[in-house]
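Student: I have a new structure open and would like to learn how to read it. Could you walk me through it, feature by feature?

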Amino acid sequence: MPIYVYKCEECGEVFEHLIIRSTDKPKCSKCGSENLKKLPTTFGVKMGSSSSTGSCPTGTCPLG
Ligand SMILES: [Zn+2]
């Protein structure tokens with residue numbers, strides 16, 4: 001289930017919304033407005049903590 005990040009055009013609140021059904025209409029968690037702008041999903045992803053250089057987490061995998 002994808003999580004989207006929305007920014008409220010009314011009050012500027014930014015929040016994440018889990019889409020369970022494609023018909024789901026998110027509302028601002030602060031003011032309840034449906035006037036929202038969808039932001040790139042990466043906005044809500046943790047950044048700067050990954051130091052992995054490949055698919056192998058330890059660097060010792062034979063196929064890594
Ligand atoms: Zn709002």
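**Reading the model step by step**

Tutor: Let's begin with confidence. The protein chain has a mean pLDDT of 78, and 70% of its residues reach 70 or more; pLDDT is the predictor's confidence in each residue, from 0 to 100. This is a predicted model, where local features need pLDDT of at least 70 and side-chain atom pairs count only at pLDDT 80 or more, while totals for chains, interfaces and linings use all residues. Residues are numbered from 1 along each chain as its sequence is written.

Student: Which elements of the protein chain have the lowest and the highest mean pLDDT?

Tutor: Strand 2 has the lowest, at 89, and strand 3 the highest, at 92.

Student: How many helices and strands does the secondary structure of the protein chain come to?

Tutor: Helices (H or I, at least four residues) and strands (E, at least two) are DSSP runs, numbered from the N terminus. Here there are zero helices and three strands, so the order from the N terminus is β-β-β.

Student: How do strands come together in general?

Tutor: Strands of a sheet pair through backbone hydrogen bonds, either parallel or antiparallel. We say that two strands pair if DSSP finds at least two bridges between them. In this model, strand 1 (residues 3–8) and strand 2 (residues 14–18) pair in the antiparallel sense over five bridges. Lys-7 stands opposite Val-14 in strand 2, and Val-5 has Glu-16 as its bridge partner there.

Student: What lies between strand 1 and strand 2?

Tutor: Five residues lie between them, and the two strands form a hairpin. In the turn, Gly-12 has a positive phi of about 85 degrees.

Student: In what order do the three strands form the sheet?

Tutor: The order is 2-1-3, in an open sheet with antiparallel pairing. Strand 2 and strand 3 (36–39) are at the edges with a single partner strand each, so one side of each has no neighbour in the sheet. On average, neighbouring strands of this sheet are turned by 40 degrees against each other, direction ignored; the axes are lines fitted to C-alpha atoms, for helices over the stretch in contact, and angles run from 0 to 180 degrees between N-to-C directions.

Student: Over how many bridges do strand 1 and strand 3 pair?

Tutor: They pair over four bridges, in the antiparallel sense. Val-5 stands opposite Leu-39 in strand 3, and the bridge partner of Cys-8 in strand 3 is Leu-36.

Student: Why does Cys-8 count as buried?

Tutor: A residue is buried if 20 or more other C-beta atoms lie within 10 Å of its own, exposed if 12 or fewer, and partly exposed in between, with C-beta atoms placed from the backbone. Cys-8 is buried because 21 other C-beta atoms are within 10 Å. Of the 64 residues of the protein chain, 6% count as buried.

Student: Which residues does Cys-8 touch, not counting those up to four places away in sequence?

Tutor: Contact means that the C-beta atoms of two residues, placed from the backbone, lie within 7 Å. By that rule, Cys-8 touches residues including Glu-13, Cys-28, Cys-31 and Asn-35. Asn-35 is 27 residues from Cys-8 in sequence, yet their C-alpha atoms are 6.1 Å apart.

Student: Is Glu-34 buried or exposed?

Tutor: Glu-34 counts as exposed because it has 12 C-beta neighbours inside 10 Å. Glu-34 lies in the loop between strand 2 and strand 3 and touches Lys-25 and Lys-27, not counting residues up to four places away in sequence.
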